[in-house]
Amino acid sequence: AMLGASPITDARDVSLSITLPPSELHAPHVLVPYTFEPGEQGPFKLSVWSSAPFEVSPLSHANEWQHVCVDGAWDASSGGVPNAGNDYWRNPQWELAPTPHVVCLRIILELHPAPAAAEASDVAIGCLLLRGDAGSDSAGGIQLDDVLAQAGFAMAVQVSCNLTLPASTKPRRLLVCTFHPGQQANFQLHLYSDKPLELTALPIGPPCGTGFERAGEPRPESS
C-alpha cells in the first residue's frame, strides 16, 4: 500500500512530510523517486530527515528484479469472488509455472486506465494466488487452504500484496476478479520478483465445483 506521495510538478524540488508506522525487517518501507513521463533522464538528489535513527540503502541493482505485466478485462459474464453461488471460474486466470527456487514476489492489480482523480472506484477488486489444483477435487469449489496469498479485496484503483514463494515442483494459479459478479472494468496485473517467472493464460471453463466450502469468505473493504 502507498503510505504517501509528494506532488508531481515541474519544479526543481518536491517534498513530503509523513509519519511512518513501524516496519518489519523482512518488509522495510520503500522510497521510489520517479518522473511523470517514462524514459526521462537526469541526475537527482534524494535527502531524508527523520526524528529517529534510520538507514537508506538501495533496494536492488539494475536488472535484478523481474517484471511481468498482463492486461485483461472483466465483462458482464465475469463470475465475481469465489464465494458460494458465484461462477468464479468465469474470471481471467493464469498459471504460474513451477518455481525451483524460493521467490520474493510482489503482486499488484490495478484498474487500467485508472478512474479520474475526482472519481472514487465503485468496484472492489482482488487477486488470489491459488494452489494449481484448487477447485479440482471431487468436493468442488475453492477451499480456504487453496488460497496461498490475497491482494484486496478493496474498492480501490490498486491492490497489492508481498509474499515469499517457497520452491515448488507444482504450478500455482492466479485468479483476478471483482467482488461482485458481472461488474465490468479493464485491469493490469503486475508481478515483480527477484527471479524470472512464467505466466500462461488459462481458458475459461468450469472446474468440478464452485464456491468456498467453509466459513470466512472474502469481504470487500473500502479504501
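A residue counts as buried under 20% relative accessible area, as exposed over 50%, and as partly exposed in between. The exercises below apply this scale and other terms to a predicted model.

**Exercise 1. Classify Phe54 and Leu31 as buried, partly exposed or exposed, and state which surface patch they belong to.**

Step 1. Phe54 is found in the segment before strand E1, which spans 66-74. Its relative accessible area is 44%, so Phe54 is partly exposed.

Step 2. Leu31 is likewise found in the segment before E1. Because its relative accessible area is 52%, Leu31 is exposed.

Step 3. Both residues belong to a nonpolar patch on the surface, formed by Leu31, Phe44, Leu46, Val48, Phe54 and Val56. Together these residues have about 600 Å² of accessible area.

Step 4. Within this group, Leu31 touches Leu46 and Val48, when residues up to four places away in sequence are not counted. Leu31 can also be placed relative to Ala5: the two are 26 residues apart in sequence, and their C-alpha atoms are 9.7 Å apart in space.

**Exercise 2. Describe the overall make-up of the protein: how many helices and strands does it have, and what share of its residues is buried?**

Step 1. The protein has 0 helices and 10 strands. Read from the N terminus on, its elements therefore run β-β-β-β-β-β-β-β-β-β.

Step 2. Of the 223 residues in the protein, 33% are buried. The accessible surface comes to about 14,200 Å², and carbon and sulfur atoms account for 54% of that area.

**Exercise 3. Describe the largest nonpolar core: how many residues does it have, and which element gives the most to it?**

Step 1. The largest nonpolar core has 41 residues. Those with the most contacts inside it are Trp74, Ile107, Leu109 and Leu189.

Step 2. Two or more residues of this core come from each of E1, E2, E3 (103-111), E4 (124-131), E5 (147-155), E6 (158-165), E7 and E8 (185-193).

Step 3. Of these elements, E4 gives the most to the core, with 6 residues.

Step 4. Leaving aside residues up to four places away in sequence, Ile107 touches Cys127, Val159, Ser160, Cys161, Leu163, Leu174, Leu189, His190 and Leu191.

**Exercise 4. Examine the salt bridges: how many does the structure hold, and which residues join into one network?**

Step 1. Side chains of opposite charge can pair when their charged atoms come close. The structure holds 4 salt bridges.

Step 2. Asp87 forms a salt bridge with Arg90, and their closest N and O atoms are 3.5 Å apart. Asp87 is partly exposed at 30% relative accessibility, and Arg90 is partly exposed at 34%.

Step 3. The side chains of Asp146 and Arg131 meet in a salt bridge at 2.2 Å, N to O. Asp146 lies in the loop between E4 and E5 and Arg131 in strand E4, so the pair ties together parts that are 15 residues apart in sequence. Asp146 is buried, with a relative accessible area of 1%, whereas Arg131 is partly exposed at 31% relative accessibility.

Step 4. Asp194 forms a salt bridge with Lys195, the closest N and O atoms being 3.7 Å apart. Asp194 is partly exposed at 25% relative accessibility, and Lys195 is partly exposed with a relative accessible area of 27%.

Step 5. Salt bridges that share partners join Arg131, Asp133 and Asp146 into one network.

How values were computed
Residues are numbered from 1 along each chain as its sequence is written. This is a predicted model: local features need pLDDT of at least 70, side-chain atom pairs count only at pLDDT 80 or more; totals for chains, interfaces and linings use all residues. Side-chain values use heavy atoms; hydrogens and water are left out. Patches are made of residues with over 30% relative accessible area and no salt bridge: like charges are joined within 9 Å, nonpolar side chains (Val, Leu, Ile, Met, Phe, Trp, Tyr) within 5 Å. Accessible areas come from the Shrake-Rupley method with a 1.4 Å probe; for residues, only the protein chains shown count as cover. Helices (H or I, at least four residues) and strands (E, at least two) are DSSP runs, numbered from the N terminus. Buried means under 20% relative accessible area, exposed over 50%, partly exposed in between (1.4 Å probe, protein chains only). A nonpolar core is a set of buried Ala, Val, Leu, Ile, Met, Phe, Trp, Tyr and Cys residues joined through side-chain atoms within 4.5 Å. Contact means heavy atoms within 4.5 Å.
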